[in-house]
Amino acid sequence: MSQTKRFLAVTVAAVTAMSMVGACSKNTDTKPAADGQVNLVVDTFGDFGYKALVAQYQTDHPNVKVELRSVQKLDDYKPKLTQYLAAGTGAGDVVALEEGILNEFKTQPQNFVNLLDQGAADQQANFLPWKWELGRVGADGPLIGLGTDVGGLAVCYRKDLFAKAKLPTDREAVSKLWPTWDEFITTGKKFTAANTGAKGFVDSVTTSFSAMLSQAGDTNFYDRDNKLIADSNPVVRQAWDTSMKMVSEGVSAKIATWSKDWEAGFKNGSFAVTMCPSWMLGIIKTNSGAANAGKWDVAAVPGGGGNWGGSWLAVPTQSKHPKEAYELAKFLTSPEGQVAAFKEAGPLPSSPKALDDPAFLALTNDYFSNAPVGKIFGEGAKSLKPVVLGPKHQAVKERAFEPAMQAVEQGKLTPDKAWQQALKSAVKEAK
Amino acid sequence: MTSSSVIRSSAAARAADGRVPWRSRLTRADMKYAPYFFIAPFFVLFLVFGAFPLVYTGWVSLHDWHLIGDHTFVWFDNYTALFSDPDFWNALKNTVGIFVLATVPQLLMALSVANLLNRKIRARTFFRMGVLIPNVTSVAAVGIVFGQLFARDVGLVNYVITAFGLDAVDWQANWWSSWIAIAVMVDWRWTGYNTLILLGAMQAIPKDLYESASLDGAAPWQQFWRITVPLLRPTLVFTVIISTIGGLQLFTEPVIFGNGRMLGGTLGQFQTVTMYMYETAFQRFQYGYGAAIAWSLFGLIVVFSLINLLIVRRAAR
């Protein structure tokens with residue numbers, strides 16, 4: 001190789017190396033092609049039941065290509081989405097916001113398209129009034145999210161373990177066992193006394209705590225002015241005391257939710273009941289596996305209906321196709337879309353039309369002994385009262401109260417110490 | 001006068017002469033600048049992915065910086081808050097504790113395994129490669145498998161323990177049991193890596209040293225402590241520092257052990273500094289405070305590496 005050629009080769013190599021560094025960060029996929037082709041990305045956590053719907057949408061709109069991106073855990077989804085928003089790039093064109101995230105992101109509404117500007121006002125009648133209102137920033141502010149599901153509540157129970165403990169197994173009779181939480185605990189004591197081999201009656205008290213909070217309606221950890229009132233709100237204290245009673249009465253299997261023991265516990269029958277908001281059905285089915293099909297059933301929750309969880313679809317302002325993204329979100333949250341999603345993955349509709357739909361009411365779940373899930377979850381859904389959630393509700397619940405309760409279950413803290421610990425952490429989380 | 005200035009002055013002289021062929025001028029430029037181009041990719045990459053984030057993180061740490069909200073300059077408030085933050089001290093205690101619990105047995109094991117592999121045994125290459133297998137395993141897979149081994153109700157470890165008539169251990173609930181479980185994960189993964197490094201250094205030790213030691217009647221263990229270990233000193237320093245950096249940044253193992261949560265157990269029994277940093281920056285969105293934790297960790301690693309360097313130098317003298 002001649003000297004000149006060598007010099008050129010070196011230069012080219014160095015320039016290539018340097019330009020490679022710059023090239024990585026560029027996102028080139030967002031511009032519409034000449035033929036009007038539009039690529040949309042939908043970001044969700046867990047399974048929203050959108051696969052069939054998206055396929056249908058692409059058939060109806062040949063110029064639109066939709067990519068579904070899903071992160072399994074909400075805990076992983078939230079920081080990712082936040083980083084995308086902070087960086088101004090990377091987020092999907094349609095993103096799912098869970099109620100906890102929604103409240104936190106509402107403090108920065110400039111990150112999301114005001115859907116009213118896209119003509120969303122005509123959709124209002126399709127949603128439960130409070131679901132619609134919560135998607136707005138204040139009564140007159142922009143609308144940043146269209147409602148997807150609401151958290152209907154029920155209790156899932158193992159029929160085989162109930163039979164072993166000589167408790168009724170029919171879902172009507174089981175529901176009658178526990179009109180109140182105290183009677184739920186009494187039933188649990190009967191169950192544990194029967195020594196079925198299960199580690200406890202209910203998986204852990206944290207899910208019951210969430211259920212009780214969501215039944216309370218009105219407020220939890222925050223008041224209407226977003227002031228932390230966890231220490232003084234009787235609703236919180238009441239739910240706490242009942243949960244502690246479950247631990248002291250030996251009703252809890254003390255298996256932390258989402259742990260390896262919890263996942264295996266569904267298969268092994270380590271516990272007989274767990275709280276199930278409708279989105280939990282899919283998780284129970286996955287964890288229990290095909291071998292346990294037909295062993296689970298769905299009964300009413302003690303203390304009446306409650307609203308646990310639920311999400312919205314929003315369009316980040318960084319989307320290159322806000323108009324098309326809104327159209328897609330509108331389709332996915334339409335009454336028909338919500339029924340289809342429920343059928344596929346279990347999120348309970350937030351649209352009164354969907355809730356009245358005979359097709360929805362007739363839905364049953366064969367894994368759960370053909371339980372009429374449409375009827376069970378749909379019945380109370382329209383009368384659900386929204387809970388006022390402060391901006392850090394989710395953090396206070398999951399990072400202050402739940403660990404404190406689990407520490408009691410592990411025998412590491414007394415209930416009094418744990419309560420103090422929870423309040424202390426809550427203040428830190430709410431900062 | 002340095003050699004480059006010789007070239008430069010003579011080049012200048014010839015340029016003034018005006019009769020230097022184009023080709024030889026290119027050659028000279030090639031000789032002069034080509035080395036810089038060859039090493040440029042590293043420095044460009046280091047500046048973009050190493051130095052810039054470091055400096056920028058320092059800048060962020062002087063702010064009250066909400067990830068998607070406001071940025072206010074607050075001088076060193078984040079650092080002063082950090083030093084009176086019990087959660088930070090708890091995380092630091094856990095990190096150092098797990099680091100000591102994992103690193104000391106790890107390096108001792110690596111040293112003895114390397115010594116064994118340095119002998120004439122059958123299928124040497126097989127065993128030498130074999131010790132590295134845990135290291136190429138995905139850390140997430142390691143976490144998942146060990147998370148299952150150390151599960152309270154369905155874990156294999158508790159199954160064995162109870163078979164011996166002992167009580168099952170709630171591995172996540174106590175600080176000591178969670179530290180042990182995490183240290184085992186770390187050791188399983190990194191012992192082989194250090195073994196290979198130490199083995200490489202052992203093979204560089206001249207054989208005649210051992211031969212003359214044998215002639216003088218030195219037992220194998222005497223040879224090991226009097227010849228092998230002192231001559232391995234620079235390599236030992238290297239492994240210690242690498243383990244220190246890795247150990248203080250411990251993240252994935254405890255996260256997966258704690259079911260993917262950043263809390264590190266109900267009372268933070270095994271929350272490490274990096275977990276606390278992640279929780280602060282990406283779950284509480286206090287980016288400035290998280291950056292302050294990151295910089296404090298950087299300082300700690302420097303301090304710890306220096307301390308280790310001194311200890312290892314003294315011990316191996």
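In chain A, strand 1 (residues 38-45) runs parallel to strand 2, and eight bridges join the two; strands here are DSSP runs (E, at least two residues), numbered from the N terminus. This is a predicted model, where local features need pLDDT of at least 70, side-chain atom pairs count only at pLDDT 80 or more, and totals for chains, interfaces and linings use all residues. Residues are numbered from 1 along each chain as its sequence is written, chains are lettered from A in the order in which they are written, and side-chain values use heavy atoms, leaving out hydrogens and water.

**The sheet in chain A**
- Phe45(A) has Val71(A), in strand 2 of chain A, as its bridge partner.

**Where chains A and B meet**
- Chain A gives 46 residues to the contact and chain B gives 44, with contact meaning heavy atoms within 4.5 Å.
- About 4,100 Å² is buried between the chains, 58% of it from carbon and sulfur atoms; buried area is the accessible area (1.4 Å probe) that two parts lose on being put together, summed over both.
- Four salt bridges are counted between the chains, each a side-chain nitrogen of Lys or Arg within 4 Å of a carboxyl oxygen of Asp or Glu.
- Arg284(B) and Glu429(A) form a salt bridge, with their closest N and O atoms 2.8 Å apart.

Notes. Pairing = 2+ DSSP bridges. Helix = DSSP H or I, 4+ residues; strand = E, 2+ residues; numbered from the N terminus.
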